[in-house]
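Take a look at the model, then read on.

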Amino acid sequence: MEKNVIITISRQFGSNGREIGRRLAEYLDIGYYNKEIMEVIAKDLGIDADFFREENRNAQGLYSLPGRNKLSTITELSVNSEVYEKASQLIKGIASRESAVIVGRCADYILKEHTPKIRIFCYSNIEDRLAWSIQEYQVPSRKARKFVHEKDNRRAGFYEFYTGQKWGSSSNYDLMINTSNMSVDEIVGMIAELYDIKLGTKSFKGAFSDQYLEHKKVSFADLDDAQN
């Protein structure tokens, strides 16, 4: 039976982990899942996908958007718990169906029993992350450090609330990569070699660049079929 190798990528804000994940999935010609997981969950809950924008996380890292009518009768905690459960269902379904790169969403913890897997945490020098946030989000330079730290704290809060593990702790990952010290191509090549080891054979690589500039479609129904 063919093995599905899952690569999970957790990352500091501004460490380029999302782009590394996309490029890696293209290079290996395997699935790539990032924001589409949350888009499917939003549709299933009957709410706007904008609810899951990064800026709608509160200080504890939970999604919070006061005043939305469709959520007025549901507590913030219950919404986030339902989101986590549905994300777990989707992520486990993906792992049962195909090899893939999954960015964020506590996937390293959700798939802790899945083998084979490669759990990665991307971090980078604070100066690089500040420069990225200023360029990407037009954050004033005097506010960039606070902006970056708040983003990290929110990611950590959500992760630690639902996993009971320390976000960014080396004990939770197989590779800790400082993306300031390596190019994207170098990182992709390194992880691809490890992927082949986990797969147990040499994979075909590099034939489908830019295939994930448009997001891949996924649904609960598709993943239920894969598990049956």
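Two strands count as paired if DSSP finds at least two bridges between them. Helices (H or I, at least four residues) and strands (E, at least two) are DSSP runs, numbered from the N terminus. This is a predicted model, where local features need pLDDT of at least 70, side-chain atom pairs count only at pLDDT 80 or more, and totals for chains, interfaces and linings use all residues. Residues are numbered from 1 along each chain as its sequence is written, and side-chain values use heavy atoms, with hydrogens and water left out.

**The sheet**
- Five strands make an open sheet, ordered S2-S3-S1-S4-S5, with parallel pairing.
- At the edges sit S2 and S5 (175-178), each pairing on one side only.

**Around strand S3**
- S3 (residues 100-103) points Ala100 and Ile102 one way and Val101 and Val103 the other, and all are buried (under 20% relative accessible area, 1.4 Å probe, protein chains only).
- In general, side chains of a regular strand alternate between the two faces of the sheet.
- S1 (residues 6-11) pairs with S3 in the parallel sense over four bridges.
- Ile7 has Val101 of S3 as its bridge partner, while Thr8 stands opposite Ile102 in S3.
- On S2 (residues 31-33), which pairs with S3 in the parallel sense over three bridges, Tyr32 stands opposite Val101.

**Helix H2**
- Which residues of H2 (residues 35-45) are buried? They are Glu36, Ile37, Met38, Val40, Ile41 and Ala42.

Notes:
Buried < 20%, exposed > 50% of the residue type's maximum accessible area, 1.4 Å probe, protein only.
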